[in-house]
Structures are given as C-alpha cells and as structure tokens.
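Here is a short briefing to read alongside the sequence and the model. Take a look at the fold first, then work through the points below.

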Amino acid sequence: MGESNATPFDMDSSSFDAEKYLERLLKDCSLRQIMDTEAAVVKDTQTLHSDMQTLVYENYNKFISATDTIRKMKDDFKQMESDVNLLMTKMQSITTFSEQITGTLQGTRSQLCRLSEKHSLLKRLQFLSTLPAKLKGLIEEQSYAQAVQDYLHAQKVFAQYGRQPSFDGIQKDCDAIMADLKETLRQDFQRAGNTAQSLTEIGELLLQLDEKTSDLASEMLTCAGKRLHEQIVMLQDQTERDMLEFVDMGINGFLNDLALVVTSYFDMFVAKHYENERDDFQENALLELNIFLNQNIDKYLTLVQDRVESDIGYGDTQVMLRALDRLHRRLQAMRNICRGLEVQRNTVDIIIGAAHQLCDAHAKNLKDHFADSLSAVRLSLVSAKSDAATGLNLSDLISNLYVAMVEKIKGVLQELLIFLRTDWSFNIKAGHKGALCVEGIRENLLIGFLRHISKVMCGFGDASSSSPPNLLLVLSKTCLELEQQGVHILIALVDDLYEIDSENSATLTHETEICAEMRETAQALLDAYVRLQGANISQMLRKSVETRDWLNCLEPRSVRAVMKRVVEELGSIETVVASLYEGTGNPTGFRTTASSDSSRKTYFSNFTASKPQYRSNWSNYTPSQLESSYVSNIHRLFSERVDIFTSVEFTKASIVMGIIKIGLKTLLECVRLRTFSKYGLQQIQVDAHYLQMNLWRFVSDENLVNFLLDELLGSAVQRCLESVLMEPNAVEIICERG
C-alpha cells in the first residue's frame with residue numbers, strides 16, 4: 001500500500017496510531033465485536049511471535065558463522081593495516097630515489113639519445129659494408145631466402161643513402177651478386193626433377209626479386225607439369241603393389257604436389273594484385289590454373305581407371321573400393337582448396353565403370369561355372385552303367401545343378417552389394433549413371449544370365465546336337481524348376497537388395513517374361529527328348545522290318561525279339577521319367593490293371609456289329625472279315641487324325657505316350673513299304689498283339705495305342721499276297737508264352 005493511502009487505523013501501516021484506533025473501536029463497535037477484535041489481535045500476535053522464533057532457529061547457524069567471520073575480519077584488518085602502512089613508507093622511498101635519478105640524468109639525456117641514433121646508424125653502415133661478403137656466403141651455403149631477405153632490407157638503406165659515392169660501389173656489388181642469384185634461381189626453377197615445394201619456394205624468391213609475373217606464372221605451370229608427369233610415369237611402374245598402396249602413393253605424391261602447386265600458384269598470382277600487369281591478368285591466371293588442374297587430374301584418374309580395369313576379377317573388390325573411397329575423399333577436399341576452381345572429373349565415374357566391368361567379369365564366371373556344371377552332369381550321365389541306375393540319380397543331378405546355379409547367383413549379387421555400402425563417401429545411386437548401373441546389375445547380370453541359361457539349354461535340343469536323352473530330360477526339368485521357383489526367388493532377391501522397383505518400371509524385364517522363356521525351353525527340351533527316344537525305338541523297329549524276308553517267312557511260333565526289346569526299353573524309359581514326373585499312384589509308375597474289353601474295342605470290331613465283341617485287336621478277326629479293303633477305308637474315314645510330333649505335357653504318361661506314338665508310326669510306315677506272305681502277315685499279327693498286351697501299362701489312354709496297332713495290322717493286310725490271319729486263340733497262346 002502506498003504512503004498516500006496509509007491511515008492511522010491500519011495496523012500494517014507505518015502511520016498506525018494505537019490511541020486513535022482504540023478510541024474509534026470503542027466508539028463504533030459493540031462489546032461483542034470488541035472482544036472478537038481482541039481475540040484476533042492476540043491470535044495474530046502469537047502467530048507472528050511463532051514465525052519469528054522459527055526464523056531465528058532456522059538461521060541460527062548463519063548468525064553464528066557471520067559472527068565468527070566478523071571477528072576474523074577484525075583481526076585480519078589489523079594485520080592488513082600494518083602492511084599497507086609499510087608499503088606506503090617504501091613507495092615514498094622509491095619516489096624519492098626516482099626524483100634524485102631524474103635530476104642527476106637530466107643533463108645527459110639528450111646526449112644519450114644522440115649516441116643511440118649514431119649507434120643505430122653505424123650498425124646499418126656496418127651491415128651495408130659487409131653485405132656483399134655476407135650475400136656471397138649465404139649463396140654459397142644455398143641460403144637463398146636469407147640472402148634475398150637481407151638484400152631487400154638493404155634496399156631501404158640504399159634508397160636513403162644511395163647517392164653517396166661510398167655506397168654506390170656497395171650497391172653495384174650487391175646488385176651484381178643478386179643478378180647472378182636470380183639467374184641461378186631461374187635455372188633451378190626450370191630444372192627437371194624439382195619438387196612442388198621447391199618450385200613454390202623458388203617462385204616466391206623470384207617474385208621478390210622483381211621477376212616478371214606473367215612469365216613466371218606460365219613457367220611455373222610448365223615446370224610443375226613436367227614434375228607431375230614424372231610422377232605419373234613412376235606410378236605406371238607400380239604394378240606389383242596392391243590397389244590401396246597404389247592409391248596411397250598417388251595421394252601422398254602426385255595429388256599432394258598438385259595441391260601444393262595449385263595453392264601456391266593461386267596465392268602468388270591469383271589472390272594478389274600486381275600494378276605492373278594487365279587488368280585481366282588474375283582472370284587469365286585462374287583460367288590457366290583451372291585447365292592445368294583438370295588436365296593433370298584427368299591424367300591421374302585415367303591411370304587409376306586403367307589400374308582398376310586390370311585388377312577387376314583378380315584383386316580384392318573391397319580393397320579396391322577402399323582405395324577409391326580414399327581417393328574420392330581426397331578429391332573432394334581438393335575441390336574446396338581454392339575458390340573459382342572446378343574439378344570436372346571425379347572418381348564416381350571410375351567406380352561406376354568398375355561396377356560395370358565387375359558385372360561383366362561375374363557374368364563370364366557365371367557362364368563358365370554353368371558350362372562346368374553342365375559338363376559334370378553330362379559326364380555323370382555318360383559314366384552311368386545303365387539308364388535305370390541313371391534314373392535313380394537324375395533327381396540328385398537336377399537338384400545339384402539347380403542349387404549350384406541359384407547359390408552362385410546369390411553369392412554374386414551379395415558381392416556386388418559392396419558398391420552400395422553406406423559408409424563409403426560416394427553414392428553411385430545418386431546420379432543417373434549410377435542408377436542405370438544398379439539396374440544394369442539386374443538386367444545385364446541376372447536377367448542376361450537367366451536368358452543365357454535358357455539359350456544354352458535350348459541348344460542341346462537342336463537336331464544337330466548329339467546330346468544323351470537323359471541330359472535333355474535333366475535340363476528340361478531344371479528349366480521347369482527355374483520357371484516355378486528359381487526365377488521368382490532371384491528376381492525378388494535382386495529387387496530387395498538393390499531397392500529396385502521393377503513392378504512400376506517400363507524399362508525393366510518383368511519376371512513373367514523370363515518364366516515364359518524358361519517354360520518354352522523346358523518344353524522344347526522335353527519334346528527333343530521324346531523325339532530322340534522315339535527315334536531310338538524307331539531305329540530298332542525299322543531295322544527289324546527292313547532286314548527280314550517277309551515273303552519267305554515260316555509260320556510264327558514266337559514273338560520277335562525286337563518287340564520284347566522295345567517293351568524293355570520303354571520300361572527303362574518309364575522308370576527314368578517316373579523319377580522326375582508324377583506317377584499313377586504306385587511306386588513303379590506302371591498301370592496294374594487293364595481297361596475293360598469294351599473300352600478297348602477297335603473301329604473294325606464296331607464296324608462288324610453282327611459279329612461277337614472280342615478284344616480290340618486284329619487277332620480277333622476271322623479271314624472272312626478281311627475279304628475287302630473297304631473295312632479299312634471306312635475305319636480311316638470315321639477316325640480322328642493322330643498327331644505324332646505334337647508337344648507333350650510335363651507328365652510321365654504324356655512323355656511315354658509321345659515316344660510310343662513315334663515308334664508305332666515308324667513301324668506302320670515301314671510295314672506299308674513291304675510285301676507280306678501269309679506267314680509274314682501272321683507274324684505282324686502276333687507282334688501287334690504282343691505290343692497291345694504290354695503297351696497299355698505305359699499310357700493313360702490306350703485307345704490311341706489300339707488305333708495305331710489297328711492301322712499297323714490293316715496296312716499289313718493290304719500289303720499281303722494271301723490275307724489269312726491266325727486264329728485268335730493261337731495268337732494269345734504264342735504271346736503269353738513269349
């Protein structure tokens with residue numbers, strides 16, 4: 001509350017008047033109010049008293065400490081007072097002595113000043129008189145910097161006293177000595193083998209000796225260029241060192257000298273202004289320095305690039321990248337040494353080139369590894385004792401070939417990932433070239449190798465290739481595995497490792513394209529396998545027909561051995577194929593029950609509906625049914641055309657059926673070219689019935705087999721001179737006995 005608002009009735013005010021307050025209280029208040037006011041005042045008084053006691057107790061230690069401090073201060077002030085008094089006495093004594101000395105020297109002060117000036121002058125004169133000899137001595141000791149410094153210091157004295165005849169001779173001697181020194185420095189400056197430090201020091205001295213600035217600037221870059229070229233030549237011979245040591249030598253030697261030349265040139269000719277030079281001298285000097293810098297860095301980086309290219313595929317990639325990272329950091333520092341300088345070339349282009357070259361090297365290694373794997377598979381198949389034994393091992397061969405390819409590719413992708421490590425000072429994905437390089441790893445390395453696999457494998461299926469049949473089967477199944485699993489795994493891996501968004505890219509190859517190519521290759525190889533095995537079966541059947549005299553045959557008593565051999569060969573093929581493709585629910589893959597007779601009727605048996613329904617083969621027909629060729633013609637008219645060389649499915653039944661169709665078609669065409677006697681026809685009848693009894697086990701649709709066998713026997717009937725068939729019961733007995 002302000003002093004103006006204070007009243008004598010406010011207890012908290014400094015102007016409080018107890019008498020007036022009591023008088024007003026007695027006048028205005030009742031007894032009850034007076035008693036309440038008394039109680040309140042007593043209570044407030046007790047509260048204040050309690051607070052005061054608490055405050056005293058809380059600060060008791062502080063009061064005691066303050067008391068002790070005051071007592072000590074009294075004692076210390078007494079000692080300090082005596083010391084100050086003693087100091088005052090001594091200061092007065094010093095003042096007295098100073099006044100006495102000043103009075104004594106007052107008369108000689110001016111004389112001392114004159115003597116001091118004369119002494120200084122004599123020292124300068126002595127310096128000038130001994131200067132020629134001193135300069136010669138310093139030059140003999142090759143202390144050129146000290147000689148130039150002394151000469152420049154003497155020039156100030158010559159400027160003041162040079163008109164005196166006594167000093168004229170000294171000045172001429174000094175000028176002659178420094179002229180010789182200047183010539184010596186110029187020769188040293190031009191001499192090959194000078195270090196950058198030496199060039200800088202000599203250049204500074206020549207500038208101090210008034211050498212023409214523009215000539216010296218041009219000559220400095222020329223001489224420095226010779227020295228740097230010598231270092232480039234020396235680095236070209238360091239082929240025995242690893243990449244890290246090679247780059248360290250270049251940094252510590254070539255780049256350090258280059259940086260020293262650049263900074264010295266910049267400080268001497270660009271940063272300073274020379275009155276006697278043209279106005280555009282600094283601008284031209286900076287331009288020449290920029291050209292000089294980029295020319296030498298280009299030479300050095302070309303050398304580094306050649307070394308990188310020679311080391312790719314032979315040296316340690318991590319060591320190479322550590323070296324290039326160190327070089328990149330050094331060049332980044334050089335870009336910041338001087339304003340106005342621009343280093344055009346950098347190490348990122350070299351690193352991207354190294355990545356491309358390493359991709360090419362890995363692609364070649366992958367192709368060589370794939371070729372070796374194929375050779376190993378082929379050797380394993382050739383060295384197998386039998387097809388059955390080979391069939392048991394085909395799954396292992398396919399698994400080994402597939403796993404070896406996939407794991408090899410994964411290892412290469414992981415190794416190339418070293419280019420994208422975050423602790424490198426460079427980031428190749430930051431630029432357009434680097435992004436294309438990363439996509440190139442996907443397209444040129446992975447996709448290119450997968451297409452190479454497809455192309456090479458497809459080449460084994462060419463008609464001109466002499467590949468073993470089981471090799472075609474192995475390669476076809478491997479391509480199918482890649483199409484179903486491998487392609488997706490590898491493309492997903494490369495997209496994940498290198499953070500490539502292939503789904504939204506219009507330029508990158510999609511996974512479905514490669515899968516389609518793999519499936520086409522698998523189909524082509526499987527079709528080639530079927531054709532090759534069919535050709536082997538056909539060869540046996542063709543020779544058996546062409547080498548027999550069918551007009552002079554004896555009455556058949558057994559099935560020919562070639563038919564048994566064909567069934568055995570088909571059984572072996574069945575075993576091999578069943579080891580790779582799904583069977584029919586039993587361990588061997590063979591059918592264990594034949595179809596009903598009704599499902600095995602031929603078209604001929606249906607045509608002669610008046611006759612009893614026998615099993616569907618020509619052994620069931622009596623001679624009376626073969627009197628006319630109309631039966632055969634009508635049969636062909638109402639039957640569907642059979643495609644022999646169509647693509648097969650990736651199932652066991654389809655594969656074996658394709659081989660059987662080729663064999664039976666060959667046998668049919670060979671029969672059509674021969675002429676048969678009665679017994680020759682009957683032998684064909686027995687052979688056809690034997691094939692029908694055994695081939696149904698290998699196929700899912702035996703009607704097609706029955707149709708081809710009917711065609712076979714029908715053609716034999718047409719080519720027979722005496723079309724008399726053997727009784728069905730006799731045929732069955734011979735076949736069961738055979």
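A residue is called buried when its relative accessible area is under 20%, exposed when over 50%, and partly exposed in between (1.4 Å probe, protein chains only). By that rule, 42% of the 738 residues in the protein chain are buried. The model is predicted, so local features need pLDDT of at least 70 and side-chain atom pairs count only at pLDDT 80 or more, while totals for chains, interfaces and linings use all residues. Residues are numbered from 1 along each chain as its sequence is written, and side-chain values use heavy atoms, leaving out hydrogens and water.

**Overall fold**
- The protein chain has 23 helices and zero strands, taken as DSSP runs numbered from the N terminus (helices: H or I, at least four residues; strands: E, at least two).
- Of the contacts (heavy atoms within 4.5 Å) with a separation of 6 or more, 78% join residues 24 or more positions apart.

**Surface**

**Gln523**
- Gln523 sits in helix 16, which spans residues 511-546.
- With a relative accessible area of 19%, Gln523 is buried.
- Leaving aside residues up to four places away in sequence, Gln523 touches Ser647, Val648 and Phe650.

**Cysteines**
- Cys359 is buried at 6% relative accessible area, and Cys553 also counts as buried, at 9%.
- The count of disulfides is zero, where a disulfide is a pair of cysteine sulfur atoms within 2.5 Å.
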